[in-house]
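Have the structure open and follow along.

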Amino acid sequence: LAVVRDEKGTPFNWVLFTPSKDSLEVWDAGSGSVMEMGRLLETKGSDKLLYGLSRVAFGSGNMRRQYWFKTDWKGENCSGVKLIKLKRDCEKPMQDMIGASSFNIACHEPSDI
């Protein structure tokens, strides 16, 4: 999480976490932009509930601007009472542990990213 939050952090610019009430457990992370994250979610995340943070940058030099956005991912094949309870119990703690962001995106399929 610290690497993604760092404006020049390498090697990662996005990270996804499994739901938890009291810790951040990394499911996966990458350096290939949100497109890489979308492809990963498409191939391995259809049955997952995940929370994440991504860093995107625009411009260069003095004009470079960084933005961070949270991702709330609920795969298209996620369902059931256990999932609803897990989401209800973990959503607020996950948001608090991940911290501040420029905006939040709720995603249910890779094209949402």
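Start with strand E4, residues 65-74, where seven of the 10 residues are buried (under 20% relative accessible area with a 1.4 Å probe, protein chains only). Strands (E, at least two residues) and helices (H or I, at least four) are DSSP runs numbered from the N terminus. This is a predicted model, in which local features need pLDDT of at least 70 and side-chain atom pairs count only at pLDDT 80 or more, while totals for chains, interfaces and linings use all residues. Residues are numbered from 1 along each chain as its sequence is written, and side-chain values use heavy atoms, leaving out hydrogens and water.

Now look to either side of E4. Strand E3 (residues 49-58) runs antiparallel to E4, joined by 10 bridges; strands pair if DSSP finds at least two bridges between them. In this pairing, Leu-49 faces Lys-74. Six residues separate E3 and E4 in their hairpin, and Gly-59 in the turn has a positive phi of about 85°. Strand E5 (residues 103-107) runs parallel to E4, with five bridges, and here Thr-71 stands opposite Ile-105.

Finally, zoom in on Asp-72, which lies in E4. What does its side chain touch through a polar contact? The partner is the side chain of Gln-95, at 2.7 Å; such a contact is a pair of N or O atoms within 3.5 Å, and within protein one must be able to donate a hydrogen and the other to accept it, while residues adjacent in sequence count only if both atoms are side-chain atoms.

Conventions:
Buried < 20%, exposed > 50% of the residue type's maximum accessible area, 1.4 Å probe, protein only.
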